[in-house]
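Me: I have a structure to go through. Can we start with the pockets and then move on from there?

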Amino acid sequence: MQFTRRELVGGTLALVGTAASTRAEAKMTDVSFAATAPTYVSKIGIKAKDADLLSSYYQDVVGLREISREGQSIILGAGETPLLEIEQATVRADDPQSAGLYHTAFLLPERADLARWARRAIDKRTPIVGASDHLVSEAIYLTDPEGNGIEIYADRPHEKWTWNGSAVTMATEPLDVGNLLTEATAQPWTAAPDGTMVGHLHLRVGNAKEAEAWWHKELGLQTVAAYGAGAVFMSTGGYHHHVAANAWQSRGAGRRDNDRSGLAWAEFSSADAKEEREIIDPWGNVIRIVPAKA
């Protein structure tokens, strides 16, 4: 999601204390609510000008681990679960005004995990670009060395989300970092814990309404929030969003160039899928659908 106020000091996360967000937080179950939906994001592929550089970043900063290498690709994940595949390619730099990846959102199992990550980010003075309270979740935003957006977030218990019919209440408020850090345990952050997943995919598109119609038809997603004609948030199974699409900086964009770095494909696990298939959205974003594991 977009943010309106940044809790930053010199481009790094700062400890700030506000009176907001003193809600008690329940522990998450072993499987995040996002993954109980009929369709959810399982893995993201990106094309890189320097795959080793990006791999190091996602390991050092995000906390992923290298699981394997296949040809020109490096597969990273949490525990033994692959989440991100980085492909070395001869490509030009991504154009942020074109269609493509806005950010990959890594969902941590518990709020305490986000607190431990934030504490390490403060200690390491990790550059961030935003920190927001979205009511349904708390999130910190980064940009990798090749310009790909990243969100590190933790959900609030889904039982506490507010719904108005089929619409979930979300907002973009300042993240109360001081309150978040009260959840940090004595155990330091070392790596993304088991249960970390790609909670949602946020795309740049040329037209958010067109994207909404496409995702409804092709994957059966339902709209849970929209911000005028500029952005739409969609999900299955009552999640706050598995996919977001915005035209904030890419309005009117056509199909993305294949020789650009950034999003290569996004993989979705679907309970309705009988076999693997691949579809392409109106802007050339490749979407893979795989059967959900039993």
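Me: What classes of residue make up the lining of the largest pocket?
Reply: The lining has 14 nonpolar, 6 polar and 9 charged residues. Ala, Val, Leu, Ile, Met, Phe, Trp, Tyr, Cys and Pro count as nonpolar, Asp, Glu, Lys and Arg as charged, and the others, Gly among them, as polar. This is a predicted model: local features need pLDDT of at least 70, side-chain atom pairs count only at pLDDT 80 or more, and totals for chains, interfaces and linings use all residues. Residues are numbered from 1 along each chain as its sequence is written, and side-chain values use heavy atoms, with hydrogens and water left out.

Me: Which residues lie nearest the centre of that pocket?
Reply: Y40, S42, T81, S269 and K293, out of 29 lining residues. A pocket here is an open set of points on a 1 Å grid over the protein atoms alone, with protein on both sides within 12 Å along at least five of seven lines; lining residues have an atom within 4 Å of a point.

Me: What is the volume of the largest pocket?
Reply: About 740 Å³. Grid points are joined across faces, edges and corners, and the volume is the space filled by probe spheres set on the points.

Me: Which strands supply at least two residues each?
Reply: β3 (39–48), β6 (81–88), β14 (197–204), β18 (262–270), β19 (277–280) and β20 (286–291). Strands are DSSP runs of E, at least two residues, and helices are runs of H or I, at least four, numbered from the N terminus.

Me: How many cavities of 30 Å³ or more turn up?
Reply: The search of the whole structure finds 1, and about 30 Å³ of space lies in the largest cavity. A cavity is a set of points where a 1.4 Å probe fits but cannot get out.

Me: What lines the largest cavity?
Reply: V61, W117, R120, A121, T126 and W189. Helix α2 (residues 111–124) gives the most, with 3 residues.

Me: Switching topic. Is N179 buried or exposed?
Reply: N179 is buried, with a relative accessible area of 17%; buried means under 20%, exposed over 50%, partly exposed in between (1.4 Å probe, protein chains only). N179 is found in helix α3 (residues 177–181).

Me: And the sheet: what is the strand order?
Reply: The open sheet of 9 strands runs β13-β8-β9-β10-β7-β14-β17-β16-β15, with mixed pairing. The edge strands are β13 (173–174) and β15 (222–227), each pairing on one side only. Two strands pair if DSSP finds at least two bridges between them.

Me: How many bridges join β15 to β16?
Reply: 5, and the two strands run antiparallel. T223 stands opposite M234 in β16.
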